[in-house]
Amino acid sequence: MGKKGKERARERREQRRQEISHLRTVPYSPHERWWSKETVAVVTGANQGIGYEIARQLAVHGLHVVLTSRDFDRALGATTNLQAEGLSVQPCQLDITDAGSVMSFASWIQLEHGGIDVLVNNAGVNFNRGADNSVEFAETVIKTNYYGTKRMIDTMLPLMRPSSFGARIVNVSSRLGRANGRKNKIGDPTLRENLMKDETLSEELLDEMLTNFLSQLNDGTWQNGGWPQMYTDYSLSKLALNVYTRLKARRLAERLDSHRVYINCFCPGWVKTQMTNWEGNMSAEEGADTGVWMALLPVENISSGRFYAERREIDF
Ligand code: NDP
């Protein structure tokens, strides 16, 4: 993109930022507010960054939030801060890469609340910064961002409470994981097409893609594998998550209306958090906005299997 193009993009971003800042001041009408203080929202990786902000904003809107962290003390610290603001928040330990931790969490939720209404899969890792493209921690990245999130979805789905407004799953993802983005896409057009088409998309295809990447890491050939060039491991993990969101939405659409679960993903933008070493053009509060908006959409406006950024739908 040339200098003028970059300038225009910056202006558009700033304009949208101001529009959203205004939208956030518009209160939900009683008709739009489908939730109550009994509505239970779970947020993963919520001890800091975007997750903390999503937890805070959902609680400010009046939901009961279960604030989870892989370190219980950090969950407790974050919860204590929010409780001091009078918000209804509860801490719980949850490491999404640990099957035992996820199972214990699910059992605890069942006992404590009988189920949940909103699940925000925010927990994630990225070990690259700036222009780095190391794959040293690729296994952890894929195990956390894709397989950990998938484990959460599959474990929590039976606990999502039936209701007329539908339960909601919000996956925090990234534009870096777009299959057909202008930049950073998968080089193999057949794989791209197979990921995009309903008839060829499957969990097996995703597993095969990730296994293939990891085995190329082992034999040192990954750089010629046609993978996304920026933050390769992270981009692939988020691509898998995006594609899985579409796949899962299709399966969930077969449910009866009263057991409807809506699942969508979003990109928070480039946000100043620990993950970006506090670089970025948005605050955590702004980065959380689209996720909170998606979680609270009135039932007549909600869809499933979509990808959002700045409160608008974007292409996968
Ligand atoms: P942070 O590093 O501040 O927060 C990440 C959170 O995930 C932390 O709470 C971290 O816990 C938690 N986490 C990591 N691994 C696990 C695990 N195995 N189990 C449970 N929790 C875990 O980053 P952000 O707030 O920026 O990131 C939040 C989400 O937003 C991520 O999914 C990220 O990929 C996504 N995102 C962020 C962007 C940005 O510009 N910041 C851009 C696009 C997407 P701990 O504190 O213990 O490390």
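Reader: Is glutamate 14 buried, partly exposed or exposed?
Author: This is a predicted model. In this model, glutamate 14 counts as partly exposed, at 31% relative accessibility.

Reader: Which side chain meets that of glutamate 14 in a salt bridge?
Author: The side chain of arginine 17 does, with an N to O distance of 3.5 Å. Arginine 17 is likewise partly exposed, at 32% relative accessibility.

Reader: How are arginine 17 and glutamate 14 placed in helix α1?
Author: Helix α1 covers residues 3–23, and because the two are three residues apart in it, about one helical turn separates them.

Reader: How many salt bridges does the structure hold?
Author: It holds 21 salt bridges. One of them joins aspartate 117 and arginine 161, at 2.9 Å from N to O.

Reader: Where do aspartate 117 and arginine 161 lie?
Author: Aspartate 117 is in the loop between α4 (99–113) and β4, whereas arginine 161 is in the loop between α5 and β5. The pair therefore ties together parts that are 44 residues apart in sequence.

Reader: Is aspartate 117 buried or exposed?
Author: Aspartate 117 is buried, with a relative accessible area of 5%.

Reader: What about glutamate 313; with which residue does it form a salt bridge?
Author: Glutamate 313 pairs with arginine 306, and their closest N and O atoms are 3.2 Å apart. Glutamate 313 is partly exposed at 46% relative accessibility, and arginine 306 is partly exposed at 29%.

Reader: Which residues do salt bridges with shared partners join into one network?
Author: That network consists of Arg24, Glu53, Arg56, Glu285, Asp289 and Arg311.

Reader: Let us turn to the strands. How many residues of strand β5 are buried?
Author: Strand β5 spans residues 167–172, and six of its six residues are buried, so the strand is described as mostly covered.

Reader: Which way do the residues of β5 point?
Author: Ala167, Ile169 and Asn171 point one way, while Arg168, Val170 and Val172 point the other way. In a regular strand, side chains alternate between the two faces of the sheet.

Reader: In which sense do strand β4 and β5 pair?
Author: They pair in the parallel sense, over four bridges; β4 covers residues 118–121. Within this pairing, valine 118 stands opposite arginine 168 in β5.

Reader: What do β4, helix α5 and β5 make together?
Author: They make a right-handed β-α-β unit, in which α5 comprises residues 138–156.

Reader: And how many bridges join β5 to strand β6?
Author: Six bridges join them, and the two strands run parallel. Strand β6 covers residues 261–267, and its phenylalanine 266 is the bridge partner of valine 172.

Reader: A change of topic: how many disulfides does the structure hold?
Author: It holds zero disulfides. Cysteine 265, for instance, is in no disulfide: the nearest cysteine sulfur, that of cysteine 267, is 9.7 Å away. The cut-off for a disulfide is a pair of cysteine sulfur atoms within 2.5 Å.

Reader: Is cysteine 265 buried or exposed?
Author: Cysteine 265 counts as buried, at 0% relative accessibility.

Reader: And is cysteine 92 buried or exposed?
Author: Cysteine 92 is buried, with a relative accessible area of 11%.

Conventions: Residues are numbered from 1 along each chain as its sequence is written. This is a predicted model: local features need pLDDT of at least 70, side-chain atom pairs count only at pLDDT 80 or more; totals for chains, interfaces and linings use all residues. Side-chain values use heavy atoms; hydrogens and water are left out. Buried means under 20% relative accessible area, exposed over 50%, partly exposed in between (1.4 Å probe, protein chains only). Two strands pair if DSSP finds at least two bridges between them. A crossover is right-handed if, with the strands pointing away from the viewer, the path from the first strand over the helix to the second runs clockwise. A salt bridge is a side-chain nitrogen of Lys or Arg within 4 Å of a carboxyl oxygen of Asp or Glu.
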